[in-house]
Amino acid sequence: MNSIRDDEELLARLRAICAEVDPVPQTVYEAARAAFALRRLDAELADLVRDSLDDPVGAVTVRAAGLAEIRMLSFAAGPLALDLQVTDRAEGRHLVIQVTGVELRAARLETADEIRELDTEDGVLIAERVTPGRIRFVLTTIDGLRYATTWILV
Amino acid sequence: MSESSFATGVLLKQASDGDQRAWDELVRRYTNLLWSVGRAHRLDTADIADVVQTTWLRLLENLDRIADPERLVGWLVTTSRRECLRTLRRSGREQPHSPDEGALDGPAMIEPLDAGLIREERDAELWAAFNRMTERCQRLLRVLMSMAPPPYEAVAAMLDMPVGSIGPTRMRCLTTLRKMLNESDGPPGARQDPEERR
């Protein structure tokens with residue numbers, strides 16, 4: 001009584017309704033197309049190798065200790081390791097970055113709406129008041145090598 | 001294998017060689033699917049936009065590393081699902097790794113979209129019935145509603161269900177939906193939850 005054709009028809013109706021009540025905003029398509037221009041970044045990709053959001057023990061421990069929730073992420077590429085701590089604050093995300101394995105000449109933070117040069121004087125880099133959304137880091141070593149972390153959402 | 005997956009492989013290769021039009025075509029084909037993944041995870045519009053864009057940026061980073069273009073759709077769905085879950089956990093709406101499996105069989109928490117846009121009464125009834133379904137059914141059907149219906153392997157990965165159960169669940173959900181529609185046509189009264197528990 002429940003034929004395959006009936007199922008297909010019902011799904012087709014739902015699909016049509018969906019296109020009306022929940023269309024993908026054109027800006028989403030435009031942003032995705034425009035992203036192609038960012039493709040040729042002459043830098044080695046540093047993959048995300050750990051995110052405490054994926055890691056129940058770390059997250060639970062931090063909460064249990066009654067501290068502010070800190071998200072911890074690690075990226076790696078060749079000799080480079082980048083550890084990132086993200087804390088939520090009223091004024092935006094607070095980022096603490098530690099880079100090991102290479103010596104930095106420059107570091108910048110890229111978000112959806114800004115590019116920010118970070119001070120590499122100390123071993124630890126800080127970025128305050130970061131707008132929630134997507135970010136990545138682009139690093140240049142003293143040897144002139146470039147690394148870019150994969151994009152993440154904070 | 002199939003013609004469309006072959007074409008996907010060609011598009012990937014062309015995009016990897018710098019062809020913007022090939023990239024645009026990939027975006028045109030699969031953005032709707034990625035959007036439905038976000039919606040199936042109950043994210044709001046701004047969060048879904050972030051997840052979709054991040055997923056495309058990830059693909060750009062990995063254009064030269066996608067070994068098997070046949071699995072591109074699965075890769076896209078898996079990548080966006082992971083970002084959806086992180087977004088939910090970050091906002092405290094879902095605890096890390098405490099999947100309350102049974103909850104999927106309960107009433108859905110998906111926020112109804114603006115049904116005022118639906119002109120036909122018959123469609124409004126269908127949409128209202130859809131919104132009364134269990135979360136499992138809503139998630140599954142929402143993804144199947146996207147313009148580029150994904151392979152069952154990708155749907156299974158998204159819903160944490162075995163591939164073999166997608167077809168039967170789809171049929172069960174659609175049968176339930178049809179029953180709900182028939183009931184709302186009939187006299188009001190003893191309405192019971194027609195959804196079978198798994």
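In chain A, the centres of domain 1 and domain 2, taken over C-alpha atoms, are separated by 36 Å. Domain 1 of chain A spans 4–34 and domain 2 of chain A spans 40–153, with bounds that come from an automatic or database domain assignment. This is a predicted model, in which local features need pLDDT of at least 70, side-chain atom pairs count only at pLDDT 80 or more, and totals for chains, interfaces and linings use all residues. Residues are numbered from 1 along each chain as its sequence is written, while chains are lettered from A and ligands numbered from 1 in the order in which they are written.

Confidence is expressed as pLDDT, the predictor's confidence in each residue, from 0 to 100. For chain A the mean pLDDT is 89, and 90% of the residues of chain A reach 70 or more. Where pLDDT is low, the predicted coordinates should not be read in detail.

Chain B has eight helices and zero strands; helices (H or I, at least four residues) and strands (E, at least two) are DSSP runs, numbered from the N terminus. Of the 198 residues in chain B, 36% are buried. A residue is buried if 20 or more other C-beta atoms lie within 10 Å of its own, exposed if 12 or fewer, and partly exposed in between, with C-beta atoms placed from the backbone. Among the contacts in chain B with a separation of 6 or more, 68% join residues 24 or more positions apart; two residues are in contact if their C-beta atoms, placed from the backbone, lie within 7 Å.

The domain assignment divides chain B into domain 1 (3–90) and domain 2 (105–185). Between them, 15 residues of domain 1 of chain B are in contact with 16 residues of domain 2 of chain B. On the domain 1 side, α2 and α4 of chain B each supply at least two residues, and α2(B) gives the most, with nine residues. The residues of that side divide into seven nonpolar, four polar and four charged. Here Ala, Val, Leu, Ile, Met, Phe, Trp, Tyr, Cys and Pro count as nonpolar, Asp, Glu, Lys and Arg as charged, and the others, Gly among them, as polar.

Turning to the interface between the chains, 42 residues of chain B are in contact with 33 residues of chain A. The elements giving two or more residues to the chain B side include α2 (20–40), α3 (45–62) and α5 (121–131) of chain B. The largest share of this side, ten residues, comes from α3(B). By type, the residues of the chain B side are 22 nonpolar, eight polar and twelve charged.

One helix pair joins the chains: the axes of helix α1 (residues 4–21) of chain A and α5(B) come within 10 Å and cross at roughly 90 degrees. Therefore α1(A) is roughly perpendicular to α5(B). Axes are lines fitted to C-alpha atoms, for helices over the stretch in contact, and angles run from 0 to 180 degrees between N-to-C directions; angles under 35 degrees count as roughly parallel, over 145 as roughly antiparallel, 65 to 115 as roughly perpendicular and the rest as oblique. In this contact, R13(A), L14(A), I17(A) and V21(A) meet D123(B), L126(B), W127(B) and F130(B).
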